Amino acid sequence: MDPLHLVVFTTLWTAIWVAALPKLSRRAELFAGLIPFATFGLRVFAGFFSDVPDTDPVKTAVQPLLAWVNGQAGIVPFQVFLDATVALGLVWLASAFDIPRQSRLATAGIMPAIAVVSLLSWQLAADPPEQLLARRLPAGLLGFAAGAAIAAVIRFTPSPLAADRRRHAAVVALTVVPATVAIASGLLAIAGNLPPGRTAQIVSVTSLVSGITAGLAGYRWGGFSRGRSRLLFAMAVGVTAGAIISTCHH
């Protein structure tokens, strides 16, 4: 990880997050939302081929795309492109889910704090923090910690939502994320030795299903009344659960 790259994009993301962002039109929201999701989808797509032999005809056909996503080719590195779409995604997130500037200012310190942790992890262990934690802690414990972090942000961030509703959502996050991670990890453990050359695909599918399951649970029982709030909460718990499964078992 290039420290300069991390500092530049963290500064950019934080500045965008605290800015007085405009309310996007429906067409602009669709455009701004699809680009980051499609970019992250490319990384998931590349993960399906990590255990596939190089002689596989499908892998051969998409090898130029895989090389770019894996940082081995391209005029503009994929990581730079990905981080640029994150900046666009922050604008979309604030507009699509009507996140007030008061809440964004209260959570602005999260991104610099994560960047500092990442820099320390790379300097001390030569690994990103998520990989370092995945090797040292069980997935269930990581799920509980992630659920607790989401719960704390919801519970203590200034918001127009009523306090009892935020408490309810915090409890749901603290329950859904670790429960989904524990169940998915248990199923992967029961599966035992996965078929050679199919490990990455099976883990990717499991992480996807886990994310969808956690997201649906969050949408159904999160306690929010507005559709956009329900979707944002579902996305938060779903992405978190899926990411933990993917990181811990790949």
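This is a predicted model: local features need pLDDT of at least 70, side-chain atom pairs count only at pLDDT 80 or more; totals for chains, interfaces and linings use all residues.
Local features were taken at pLDDT of at least 70 and side-chain atom pairs at pLDDT 80 or more, while totals for chains, interfaces and linings use all residues. Residues are numbered from 1 along each chain as its sequence is written, and side-chain values use heavy atoms, with hydrogens and water left out.

Helices here are DSSP runs of H or I with at least four residues, numbered from the N terminus. Helix α2 covers residues 26-47, 22 residues in all, and reaches 32 Å from first to last C-alpha, close to the expected 32 Å; the expected span is 1.5 Å times one less than the number of residues. Buried residues (under 20% relative accessible area, with exposed over 50% and partly exposed in between, using a 1.4 Å probe and protein chains only) in α2 include Glu29, Pro36 and Thr39. Helix α9 has 18 residues and spans 26 Å, again close to the 26 Å expected. Its buried residues include Leu142, Ala146, Ile150 and Ile154.

Leaving aside residues up to four places away in sequence, Ile244 touches Val177 and Val181, along with Ala139, Leu142, Gly143 and Ala146; contact means heavy atoms within 4.5 Å.

Helix α5 (residues 78-96) packs against α12 at about 140 degrees, with the axes 10 Å apart. Axes are lines fitted to C-alpha atoms over the stretch in contact, and angles run from 0 to 180 degrees between N-to-C directions. The pair is therefore oblique, the class left over once angles under 35 degrees are called roughly parallel, over 145 roughly antiparallel and 65 to 115 roughly perpendicular. On the α5 side the contact uses Trp92, Leu93, Ser95 and Ala96, and on the α12 side Arg228, Leu232 and Met235.

Ala19 sits in the loop between α1 (3-18) and α2. Its relative accessibility is 26%, so Ala19 counts as partly exposed. Ala19 touches Arg101 and Arg104, not counting residues up to four places away in sequence. Though 85 residues apart along the chain, Ala19 and Arg104 have C-alpha atoms separated by 8.7 Å.

Definitions and conventions. Helices (H or I, at least four residues) and strands (E, at least two) are DSSP runs, numbered from the N terminus.
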